[in-house]
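The following note sets out points for a colleague who is about to examine this model. Please read them alongside the sequence and the coordinates.

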Amino acid sequence: MAEIPLHHALLLAGGLFALGLIGVMVRRNLIFMLLSLELLLNGGGLALIAAGARWGDPSGQAMFIFVLALAAAEVAVALALVLQLQRRTGDVDVDRLGEMRD
Amino acid sequence: MEIAFYSAGAIALAAAALAVSRLHAVHALLYMVVALLAVAVCFFTLGAPFVAALQVIIYAGAIMVLFVFVIMMLTLGEADTVRERQWLRPGMWLGPALLALVLLLELVYALALTPEALRADTAVAPAAVGAILFGPYLIGVELAALLLLAGLVAAYHLARRDEGT
């Protein structure tokens, strides 16, 4: 198998996480924020897989499968909210999410 | 295998950076698919073939198709691209980007302090993952099933058109 140091895998995970964090903070379009959220989850998942591979433990992969199920449920609900927001305000600006209270 | 990991990692970072900075949602989505596939290659080279397959099928397949459907229903036009350009001035993104960069540098510093020579190269077979999922983590699988059911009900309820009002 390949000889990849754990550090390099964790650095890649950190880089993906940082990019996702920038996306969530900078973008105001809800679609882009959700995409960045997926990137955050993927960075965390990569860290789990790398740790699992380091100790030869299947728990890392099991945790990633849970993260996958979480991401699927989260995206389904969030995209339904985006559709409802677009229907009510004709916009996907996150600042107008507060108008959905009533 | 090392070359596959490092090239896929570089592709993942570049595609992710492009995905969070594009103005058009569909372009961002396509870069996102590339980033997810590159991360799947990283999983494979780290000795997790089952999770790599799941990443391609569920993340790059199902979840991204969901995004495509929603973007198609939103009918974003030229006006949205112009507005995105207004929102994405350097003054807007420089501060958050610098803060995230500082956090990343802290992580790199913490990694540099820990001893090297740890190798992430042990392959874990899918059978072991299945055995642990339906052994000690059985309650987690049940909870994930409940969460997915709740997500299904919530998505149906939220995306429904109000007919009475």
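1. The predictor's confidence in each residue is expressed as pLDDT, on a scale from 0 to 100. The structure under review is a predicted model. For chain B, the mean pLDDT is 87, and 95% of the residues reach 70 or more. The model as a whole scores ipTM 0.90 and pTM 0.89. Where pLDDT is low, the predicted coordinates should not be read in detail.

2. Chain A contains three helices and zero strands, in the order α-α-α along the sequence. Its radius of gyration is 17 Å, well over the 13 Å that the globule rule gives for 102 residues, so chain A is more spread out than a compact globule. The C-alpha trace of chain A spans about 55 × 25 × 20 Å along its principal axes.

3. Of the 102 residues in chain A, 62% are buried. Among contacts between residues at least 6 apart in the sequence of chain A, 51% join residues at least 24 apart.

4. At the start of α2(A), a side-chain oxygen of Asn29(A) comes to within 3.1 Å of the backbone nitrogen of Ile31(A). Following α2(A) is Gly56(A), with a positive phi near 60°.

5. Glu99(A) lies in the segment after α3 (59–89) of chain A.

6. Chain B has seven helices and zero strands, running α-α-α-α-α-α-α from the N terminus on. The radius of gyration of chain B is 20 Å, whereas a compact globule of 165 residues would have one near 15 Å. Along the principal axes, the C-alpha atoms of chain B fill a box of roughly 55 × 40 × 25 Å.

7. Buried residues account for 32% of the 165 residues in chain B. Chain B exposes about 9500 Å², of which carbon and sulfur atoms supply 76%. Of the contacts in chain B with a separation of 6 or more, 61% are between residues 24 or more positions apart.

Note on methods. Residues are numbered from 1 along each chain as its sequence is written. Chains are lettered from A and ligands numbered from 1 in the order in which they are written. This is a predicted model: local features need pLDDT of at least 70, side-chain atom pairs count only at pLDDT 80 or more; totals for chains, interfaces and linings use all residues. Side-chain values use heavy atoms; hydrogens and water are left out. A polar contact is a pair of N or O atoms within 3.5 Å; within protein, one must be able to donate a hydrogen and the other to accept it, and residues adjacent in sequence count only if both atoms are side-chain atoms. Helices (H or I, at least four residues) and strands (E, at least two) are DSSP runs, numbered from the N terminus. The radius of gyration is taken over C-alpha atoms; the globule rule is 2.2 Å times the number of residues to the power 0.38. Buried means under 20% relative accessible area, exposed over 50%, partly exposed in between (1.4 Å probe, protein chains only). Contact means heavy atoms within 4.5 Å. Accessible areas come from the Shrake-Rupley method with a 1.4 Å probe; for residues, only the protein chains shown count as cover.
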